[in-house]
Amino acid sequence: MTHFIRDYGLWFLFGIVCLESAGLWLPGETALIAAGVYAANGHLSITWVIVVAAVAAILGDNIGYWLGREAGRRLIYRYAWMKRIADRVMPPAERFFEKHGGKAVFFARFFGGVRVTGAWMAGITRMSWWRFFFWNALGGIVWATAVGLIAFYAGRAVADTIARYGVYGGITVAVLVVLAIAGLHVWRRTAESEA
């Protein structure tokens, strides 16, 4: 990932985050973390990393929303076997997005599997676009800022520790960061399975 960030920089970040948000299973968050760490080393501007990631997330989610709204619904009702499932599943899904759609769209940005499908589901259930846009933009901005800054400061902490305490100090900080990220992923999976 770092190789692509180094060679293609913000364009690569934009493309990966946008395509993931539109519904493709790509490592958008990993690209943002790599770009944040790369910015900590002085190769990119963290401000531009955050701006590009936020714009890409918002644009990609809007593409996913419209694909879900225009094509997803038609695809679901195209085949008889899918229509039978949709007739059972769609009314509760529509009620859920009517009542909790804003929160769902905002928090979907922070969970990998839901980040890829959340915009499609909002479109398929015909959530109001203005409501979707507001919560999506808010989620995209908060996500890009939080993940970008955490990666930036974690990368800077590792670099500073190596400069001050040598390679072993840097390895210690890197291990702590990896453990923190692993803990965050375990917490996310637990939250997803309980939802």
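Biologist: Let's start with one side chain: is Val-173 buried or exposed?

Modeller: Keep in mind that this is a predicted model. Val-173 sits in helix α7. Its relative accessibility is 18%, and the cut-off for burial is under 20%, so Val-173 counts as buried.

Biologist: Leaving aside neighbours within four places in sequence, which residues is Val-173 in contact with?

Modeller: Val-173 is one of the α7 residues that make the contact with α6. On the α6 side, that contact includes Ala-154, Ile-162 and Tyr-165. With neighbours within four places set aside, the partners of Val-173 itself are Ala-157, Val-158 and Thr-161.

Biologist: How do α6 and α7 run relative to each other, roughly parallel or roughly antiparallel?

Modeller: Helix α6 covers residues 129–165 and helix α7 covers residues 167–194. Their axes come within 6 Å and cross at roughly 155°. Angles over 145 degrees count as roughly antiparallel, so α6 is roughly antiparallel to α7.

Biologist: And what is the handedness of the α6 and α7 crossing?

Modeller: The axes cross at roughly 155°. As for its hand, the crossing of α6 and α7 is right-handed.

Biologist: How many charged residues are in the contact of α6 with α7?

Modeller: The α7 side includes Gly-169 and Gly-170, and Gly goes with the polar class. By class, the contact has nine nonpolar and three polar residues, and the number of charged ones is: no charged.

Biologist: How many charged residues does the contact of α3 with α4 have?

Modeller: From α3 come Arg-73, Leu-75 and Ile-76. From α4 come Met-82, Lys-83, Ala-86, Met-90 and Glu-94. Arg, Lys and Glu count as charged; with five nonpolar and no polar residues, the charged count is three.

Biologist: What is the relative accessible area of Arg-126?

Modeller: Partly exposed falls between the buried cut-off, under 20%, and the exposed one, over 50%. Arg-126 is partly exposed because its relative accessible area is 43%.

Methods. Residues numbered from 1 in each chain as written. Predicted model: local features only at pLDDT ≥ 70, side-chain atom pairs only at ≥ 80, totals over all residues. Heavy atoms only, no water. Contact = heavy atoms within 4.5 Å. Helix = DSSP H or I, 4+ residues; strand = E, 2+ residues; numbered from the N terminus. Axes fitted to C-alpha atoms, helices over the stretch in contact; angles between N-to-C directions. Parallel < 35°, antiparallel > 145°, perpendicular 65-115°, else oblique. Left-handed = near helix turned anticlockwise from the far one by under 90°. Buried < 20%, exposed > 50% of the residue type's maximum accessible area, 1.4 Å probe, protein only.
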